[in-house]
Amino acid sequence: MPFIRRAVLSAVFGTALTALAAPVCLFAQTRSYAPLILRLPASARHLSMGNVGIASRDDDVLFYNPAQLVTARGTSVSLEQFSSTAHSGALSSVARVGNGGIAVGATLAEFESADLYYPLNRATMLGRGVNNGTSANLVLGIGQVFKGTNLGIAAKYVDENFANIRHGQGALDLGVSRSFFGTAFGLAVQNIGATFDPRDATVPMPWGSAPIPVSSTPLPLRTTLGASRATQAGPFDIYGTAAASLLRNDFFAPAGGVEIGYSWLDGYDILLRAGARRPEHGEGPMTAGVGFAMDRISIDYAVEALSGSRFAHRIGLRVK
């Protein structure tokens, strides 16, 4: 049994190290999908570890894998600044229901763009422009245990407003997770739904402004398989996580990260984090962050590299 545990632990950290090394040579152009909010980070802690949250126990796992709501705790809020004109925020909370959990959450992004095409991506949302936009996501999720396996479902309503484009519709996330030999494994299929088609919901543009051509586009259907494990090394608590995602059929993205925690007094922890990912268009490969926990309150900070040698900063507050 100790041999099996060591083998599983080596596999988790080995995958994380592979994800940390791989993105340097794996830049790629990805298609633009709508709405934009479904492509943005939703957690400061997870973002600092490559934006991997598939097997987390935090409440904002609602945005990554609803099956983990079975073990999730807390209420959190986080804000991110991408540029002087682009920012986003997230709010989530989970409550116990029977042998599982139910959670509600929302994410919202505001931005500008000078581009005259749609849909947007993480690169085109960063600059100043005459066209203002918002992208929002409301989520209700539930997770329950069935014969030792965690199952979860999350219902979403996504909405995007940009220039002459206005459209909203529903989508679903499905997830499953289970622990083996102290390692948590998770699988999630996110953004299941009909084609995002705002052609019947356009609005007039101000006089003198050219309308943006509107077309339908698929939702960013994403399938993610990942794992996480916690261990100790002397006075340090070490948490490793890794995942691999497939975005539709055109982009395979490994990612991973490590968190090292040190407690000098019971209930007080300082945490250092680093992560990496295969970057989508507009992103950079590296992420990092720090955290401070005091009893039931945690404050997290994350920085992510963006294209063009730019950086985005996210800060979060969680109460458990």
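This is a predicted model: local features need pLDDT of at least 70, side-chain atom pairs count only at pLDDT 80 or more; totals for chains, interfaces and linings use all residues.
## Basis of the model

Local features require pLDDT of at least 70 and side-chain atom pairs pLDDT 80 or more, whereas totals for chains, interfaces and linings use all residues. Residues are numbered from 1 along each chain as its sequence is written, and side-chain values use heavy atoms, without hydrogens or water.

## Overall architecture

The chain contains two helices and 14 strands (DSSP runs, H or I of at least four residues for helices and E of at least two for strands, numbered from the N terminus). Of its 320 residues, 51% are buried (under 20% relative accessible area with a 1.4 Å probe, protein chains only).

Among contacts (heavy atoms within 4.5 Å) between residues at least 6 apart in sequence, 57% link residues at least 24 apart. The chain exposes about 14,000 Å², of which carbon and sulfur atoms supply 65% (Shrake-Rupley method, 1.4 Å probe).

## The largest pocket

A pocket is an open set of points on a 1 Å grid over the protein atoms alone, with protein on both sides within 12 Å along at least five of seven lines; lining residues have an atom within 4 Å of a point. The largest pocket has a volume of about 690 Å³ (the space filled by probe spheres set on the points, which are joined across faces, edges and corners).

Its lining comprises 31 residues, with Arg-45, Tyr-239, Glu-259, Leu-271 and Lys-320 nearest the centre. β8 (222–233) is among the strands that supply at least two lining residues each, and β8 gives the largest share, five residues. By class, the lining has 13 charged, eleven polar and seven nonpolar residues (Asp, Glu, Lys and Arg count as charged; Ala, Val, Leu, Ile, Met, Phe, Trp, Tyr, Cys and Pro as nonpolar; the others, Gly among them, as polar).

## Cavities

The structure holds three cavities of 30 Å³ or more (sets of grid points where a 1.4 Å probe fits but cannot get out). The largest cavity has a volume of about 590 Å³. Its lining has 34 residues, and Leu-40, Asn-51, Tyr-64, Gln-190 and Arg-222 lie nearest its centre. Elements giving two or more residues to this lining include β2 (87–97) and β4 (131–146). The lining divides into 15 nonpolar, eleven polar and eight charged residues.

The second largest cavity has a volume of about 80 Å³. Of its 16 lining residues, Asp-60, Ser-76, Val-77, Ser-78 and Arg-318 lie nearest the centre. Two or more lining residues come from each of α2 (44–48), β1 (75–81), β2 and β14 (310–319).

Methods:
Buried means under 20% relative accessible area, exposed over 50%, partly exposed in between (1.4 Å probe, protein chains only).
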